[in-house]
Amino acid sequence: METTNFKRIKHGFFPEIINREMRISSPQTFSRHFSSSQVIVEKINLYGKLNGHEGCVNTVEFNFNGDILVSGSDDKHVMLWNWATKTKTLCYASGHLDNIFQARIMPLTDDKRIITSSADGQVRLGEILENGQVKTRRLGKHQGRVHSLAVEPGSPHIFFSCGEDGLVQHYDLRCGSASKLFHCFSFKETNSPPLNIRLNAIIIDPRNPNYFAIGGSDEYARVYDIRRYQSDGSNVSDEPVNLFCPRHLLHSNHVHITGLAYSKASELLVSYNDELIYLFQENMGLGPSPLSLGSETQLRNEEPQVYAGHRNSRTVKGVSFFGPKDEYVMSGSDCGHIFIWRKKGAKLVRVMLGDRRIVNHLEPHPCMPFLATCGFDKDVKLWAPMADQSPATLAPDVIMHVVRLQRRQMFEYVERRYSRPDLESDEEDGDEDYISGLANDITFSEEYPGENFGDCKIS
């Protein structure tokens, strides 16, 4: 391991340091390369914990500058933190009647406006007044839980919400009320009425904020263009401009989407319940409807990148990119661990214990190689590269559990994707060796002694 790390430092850091000292590369370039280095990712360990909530913490987010962190919890309170000093700067009662699922700081508001959503169906605004008091009010209502909010990049006014009632709503804080865009329904070939899609996630494309994507209780990640919807609500069609779905999951009825993320290059990351994580390029879309897809169209589409090893079956988990150019993919897991893969090639490079039960949400820092996580524990955990701390070694049986799970998931994926004759042909060509090698050189970290991967249901 020491030899491997030395080679990585020699071939990765030293040329960058020399270029920086000779002023061949800019400080910004050096910072980007430094932050995205696998050596740095492998050094990420627990930096600290933020204690204060009295219930499970369901949401964390950094503000636009990255110096403030907001969290929301089952205790129905919102807290602001100076995460660098691990101190709480504000705590207020949100006005929600049930668990908070999302909390977002509106950009360019001097961190004075915070939007929240909850299991009670409400979307609320908290405004921090000059005297330090917080005034809250309801902005919108869903008939069911609201798992996700999406803020338009750089806008202090515009955001969206989606709920388990299948409704997507648009908000402009200058108006103070919600506009109902559409209800999301399933695609049906028969004359029977379509089913309501329970929505778990909504995100906005940072490169083109006119586009937003939603995912929920079927297999399709749907992309919409806000320009199709008039301010007077005259267009209520739920027809998307594009769909994304792995080929082997088309027309399936046993999976649903729990998390979505857009990269800075408009790549779409989709996390499925009881399935895997998939990365779609823009050209992998299926068009506006799966009902018009022919077999030739399906075969023509390129397959997405696949990420395996985690377990997502018990809660609504998010998924995230990490790194200055989104070089990594992150997810929590039912086994309480954090998984980090290289985006290109999907190599699993880091596994860290992040919760005693389940890690649900991971939030990358906007400009530094830090992240915050939350789950069933009543705290927020902060993670950063630790130069004076090497990762503790997990027990060999735990490491083998991760390796076996990753290999099993990949074999199941191959079996679903191809027919048996095709699978046997692939194995003859050496694909089995490639799949078996996916878990090599993973760096593991264990924070809680005595924990294992039992919740991952590894056989």
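**Entry 1: strands β18 and β19**

I began with strand β18 and strand β19 (residues 268–272), which run antiparallel and are joined by five bridges. I took strands as DSSP runs of E with at least two residues, and helices as runs of H or I with at least four residues, both numbered from the N terminus. Two strands count as paired if DSSP finds at least two bridges between them. Across this pairing, A261 stands opposite L269 in β19. The hairpin of β18 and β19 has five residues between the strands, and S266 there takes a positive phi near 70°.

I then looked up the cover of β18, residues 257–262, and found six of its six residues buried. Buried means under 20% relative accessible area, exposed means over 50%, and partly exposed lies in between, with a 1.4 Å probe and protein chains only.

**Entry 2: the model itself**

I noted that this is a predicted model, in which local features need pLDDT of at least 70 and side-chain atom pairs count only at pLDDT 80 or more, while totals for chains, interfaces and linings use all residues. Residues are numbered from 1 along each chain as its sequence is written, and side-chain values use heavy atoms, with hydrogens and water left out.

**Entry 3: aromatic pairs**

I looked up the aromatic pairs, and the structure holds 14 of them. The rule takes rings of Phe, Tyr and Trp (its six-membered ring) with centres within 6.5 Å; planes under 30 degrees apart are stacked, over 60 edge-to-face, and the rest tilted.

One of the pairs is Y47 with W83, edge-to-face at 6.4 Å centre to centre and 70° between the planes. Y47 lies in strand β1 (residues 44–51) and W83 in the loop between β4 (77–82) and β5 (87–93), so this pair ties together parts that are 36 residues apart in sequence. Y47 is partly exposed, with a relative accessible area of 28%, whereas W83 counts as buried at 7% relative accessibility.

I also looked up F212 and Y224, a stacked pair with 5.5 Å centre to centre and 20° between the planes. F212 is in strand β15 (residues 211–216) and Y224 in strand β16 (residues 221–225), 12 residues apart. Both F212 and Y224 are buried. I found F212 and Y224 again in one aromatic cluster, together with F160, F182 and Y229.

**Entry 4: charges over rings**

Here I required NZ of Lys or CZ of Arg within 6 Å of the ring centre and within 35 degrees of the ring normal. The ring of Y47 has the charged end of K86 over it, 3.9 Å from its centre. R227 lies over the face of Y211, at 5.7 Å from the ring centre.

**Entry 5: polar contacts**

I counted a polar contact as a pair of N or O atoms within 3.5 Å; within protein, one must be able to donate a hydrogen and the other to accept it, and residues adjacent in sequence count only if both atoms are side-chain atoms.

H337 lies in strand β24 (residues 337–342) and counts as buried at 0% relative accessibility. The side chain of H337 reaches the backbone oxygen of C335 at 3.2 Å.

Q38 is in helix α3 (residues 38–42), and at 12% relative accessibility Q38 counts as buried. The side chains of Q38 and E42 are joined by a polar contact of 2.8 Å.

**Entry 6: cavity**

I took a cavity as a set of points, on a 1 Å grid over the protein atoms alone, where a 1.4 Å probe fits but cannot get out; lining residues have an atom within 4 Å of a point. Grid points are joined across faces, edges and corners, and a volume is the space filled by probe spheres set on the points.

The count came to one cavity of 30 Å³ or more. The largest cavity has a volume of about 80 Å³. Its lining has 12 residues, of which C245, R247, L286, N301 and E303 lie nearest the centre.

**Entry 7: loops**

D110 has a positive phi of about 55° although it is not a glycine. I placed D110 in the loop between β6 (100–105) and β7 (113–118), where D110 is exposed with a relative accessible area of 61%.

A346, also not a glycine, has a positive phi near 60°. A346 is in the loop between β24 and β25 (348–353), and counts as buried at 5% relative accessibility.

Last, I looked up L129, in the loop between β8 (122–128) and β9 (134–141). L129 is partly exposed at 38% relative accessible area.

Technical notes: On a 1 Å grid over the protein atoms alone, a cavity is a set of points where a 1.4 Å probe fits but cannot get out, and a pocket is an open set with protein on both sides within 12 Å along at least five of seven lines; lining residues have an atom within 4 Å of a point.
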